[in-house]
Amino acid sequence: MALDVANSVILRHDPERRTDRFEAPGQMESFPKAAVNFCAERELFGDILPVRQENRSGFIELREAIDRYFRARVLDHGADALLADLLEGLSSVLKQSASPDGLDAATVHSALRLIAMPDPERMKICRNCGWLFIDRSKNRSRAWCDMAVCGNRAKASRHYRRRREERAS
Ligand SMILES: [Zn+2]
């Protein structure tokens with residue numbers, strides 16, 4: 001769930017095409033229901049409520065701290081320094097009286113599980129879209145968040161490049 005929340009920013013690494021889904025009208029209301037149906041932790045959560053209006057800016061700050069910390073951990077670059085910020089973010093979201101059934105509380109619990117996950121090397125960054133994802137494949141060889149979307153796109157662009165090079169030579 002915490003990664004789904006972090007991934008609500010699409011193409012984060014591309015300033016021109018970067019899109020924050022939570023800035024679109026109604027998304028903060030509809031996201032919890034969709035997320036709980038699709039996320040890997042759906043067994044853990046019941047119905048999840050949207051983040052209360054007054055808690056939203058704190059929640060967005062937490063989202064950014066989640067992304068910064070886990071991205072740094074995957075890249076093995078400066079994660080320990082960012083962990084303190086993330087823990088502070090988690091703590092302040094709980095202190096700002098997140099509803100126990102709210103997306104913010106669910107995100108806190110999910111992030112804590114991810115911090116302590118026994119096999120952190122399974123967390124990866126999609127080569128195509130930059131999303132954080134957990135590689136649950138047996139041989140841990142997944143490079144894309146979703147083979148059907150990003151895997152095929154990467155294959156198609158490789159194929160296109162090869163054809164173009166063939167023609168050029
Ligand atoms: Zn992807």
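How do the axes of helix α3 and helix α4 cross, and within what distance do they come? Before I answer, please note that this is a predicted model, in which local features need pLDDT of at least 70 and side-chain atom pairs count only at pLDDT 80 or more, while totals for chains, interfaces and linings use all residues. Residues are numbered from 1 along each chain as its sequence is written, and side-chain values use heavy atoms, with hydrogens and water left out.

Let me start with the overall picture. The protein has six helices and four strands, where helices (H or I, at least four residues) and strands (E, at least two) are DSSP runs numbered from the N terminus, and along the sequence the pattern is α-β-β-α-α-α-α-β-β-α. The C-alpha trace spans about 65 × 35 × 30 Å along its principal axes.

Now to the helix pair. The axes of α3 (residues 56–75) and α4 (residues 79–95) come within 9 Å and cross at roughly 155°, the axes being lines fitted to C-alpha atoms, for helices over the stretch in contact, with angles from 0 to 180 degrees between N-to-C directions. That makes α3 roughly antiparallel to α4, a term used for angles over 145 degrees. Residues of α3, including Phe59, Leu62 and Ile66, meet residues of α4, among them Leu82, Leu86 and Val93, where contact means heavy atoms within 4.5 Å.

In the loop between α3 and α4 we find Asp76, which has a positive phi of about 55° although it is not a glycine. Most residues other than glycine have a negative phi. Asp76 counts as exposed, at 71% relative accessibility, whereas Leu11, with a positive phi of about 50°, is buried at 15%; buried means under 20% relative accessible area and exposed over 50%, with a 1.4 Å probe and protein chains only.

Finally, let us turn to the metal site. The zinc ion is coordinated by the SG atoms of Cys126, Cys129, Cys145 and Cys150, at 2.3 to 2.4 Å, donors being N, O and S atoms within 2.8 Å of the metal (3.2 Å for Na, K and Ca). The angles among the four donor atoms are 105 to 117°, and the site is tetrahedral, which for four donors requires all angles to lie between 85 and 135 degrees. Along the chain, the donors follow the spacing C-x2-C-x15-C-x4-C. Cys129, in the loop between β3 (123–125) and β4 (132–134), and Cys150, in helix α6 (residues 147–168), are 21 residues apart and link distant parts of the chain. Cys129 is buried at 12% relative accessibility, and Cys150 is buried at 4%.

Notes:
Tetrahedral: all angles 85-135°; square planar, octahedral: opposite > 155°, others 65-115°. Parallel < 35°, antiparallel > 145°, perpendicular 65-115°, else oblique.
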